[in-house]
Structures are given as C-alpha cells and as structure tokens.
Amino acid sequence: MTSLPLFSRAVRLRCPGCGSGPIFTSWLHMVPACPVCALHFDREARGYWLGSYTLNIFLTETVWVTAFLIAAFLTWPTPPWDALEYGSVALMVTVPFLIYPWTKTLYLAIDLSFRPAEEDDFTAPHEVGFTHPKAQENH
C-alpha cells in the first residue's frame, strides 16, 4: 500500500488502515482498535506513543519558530519582546493540545508506511474493559 492513502485517512482522523471512523471518543482519547478492521492502534511496541509525542513536539516547535520569526520580522527593528514572550508561552501551551489527535493518527500512518500491518496487529487489544466485536465473533 502506498503511503498517500494512509496519510489522507490520518489527516481526516480516520483509521489509517481502512479509513473508517470515528476513532476518537473525545479530543484526547483514541479507541484502542479500529471499530471496523480491528487494527490495534498501539501496535504492541514498548513506548510506541513516544513517536506521536515527538511528532507533536516537532510540529509545535515549527509553529512557534514560524510565528516568532514572522512577528519579529514584521515589527523589526523594535519587536515587542514582552508580547513575543507571552505569545510564545500561549503557543507552547495551546498548540500541542490542538494538534494532539492528528499527531496520534499521523504517527500511526508513518509507522504503517514503514512497518505494514501484520496479523498480530488485528488481535483484540489488551486493555481492561474493552472487547472488540471481532474478538467476540472468534470465541
């Protein structure tokens, strides 16, 4: 599978594997597996979500650097340093929260493009209180 469909689905906050959704129950909570194809979003690697956190940090820093440079350039030679400082704090607090769902799905798409899904990725998640409908069919 090419990477374009994976990223297209991820940007729309859908399952990168099959495109179904919704896969978020709230802004900060992703279901453990796709409700249609049963792709397990954690992919069973220790520290797996560090990748999405890293992506979140990189994107937040990119937004901050871009905004800071544009604001400094537009107000040069006397940039409002206090406003730039407070604006920086505001960006660093709000941007990670605003882009959180996309960093989760985009990192999953990145991972799937380098490491395609295998049979183990479609097993029922190992989270307490969650039983995937397809796992119930198998019993």
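User: In which loop is A38 placed, and is A38 buried or exposed?

Analyst: This is a predicted model, where local features need pLDDT of at least 70 and side-chain atom pairs count only at pLDDT 80 or more, while totals for chains, interfaces and linings use all residues. Residues are numbered from 1 along each chain as its sequence is written, and side-chain values use heavy atoms, with hydrogens and water left out. A38 has a relative accessible area of 4%, and buried means under 20%, exposed over 50% and partly exposed in between, with a 1.4 Å probe and protein chains only. So A38 is buried, and its place is the loop between β2 and α2.

User: What is the phi of A38 near?

Analyst: Most residues other than glycine have a negative phi. A38 is a residue other than glycine with a positive value. L13, in the loop between α1 and β1, also has a positive phi, near 60 degrees. For A38, phi is near 70 degrees.

User: How far apart in space are C37 and C18, C-alpha to C-alpha?

Analyst: C37 lies in the loop between β2 (29–30) and α2, and C37 is buried at 18% relative accessible area. In sequence, C37 and C18 are 19 residues apart. In space, their C-alpha atoms are separated by 6.6 Å.

User: Which pattern does the chain follow along the sequence?

Analyst: Helices (H or I, at least four residues) and strands (E, at least two) are DSSP runs, numbered from the N terminus. The chain has four helices and two strands. Read in order, the pattern is α-β-β-α-α-α.

User: What does α3 span between its end C-alpha atoms, and where does α3 bend?

Analyst: Helix α3 covers residues 81–114, and a straight helix of 34 residues would span 50 Å, taking 1.5 Å times one less than the number of residues. The span of α3 is only 43 Å. The bend (the angle between axes fitted to the seven residues ending at a residue and the seven starting there) is about 55 degrees, with the proline P101 following within four residues. So the values asked for are a span of 43 Å and a bend at Y100.

User: Against which helix do the buried residues of α2 pack?

Analyst: Buried residues of α2 include G51, L55 and A72. G51, for one, has 18% relative accessibility, and its C-alpha is 8.9 Å from that of D111, 60 residues along the chain. The helix that the buried residues of α2 pack against is α3.

User: What kind of aromatic pair do W64 and F68 form?

Analyst: Rings of Phe, Tyr and Trp (its six-membered ring) pair if their centres lie within 6.5 Å; planes under 30 degrees apart count as stacked, over 60 as edge-to-face and the rest as tilted. The structure holds six such pairs, and W64 and F68 are 5.3 Å centre to centre with 35 degrees between the planes. Both residues lie in α2, four residues apart, about one turn of the helix. The pair is therefore tilted.

How values were computed. Contact = heavy atoms within 4.5 Å.
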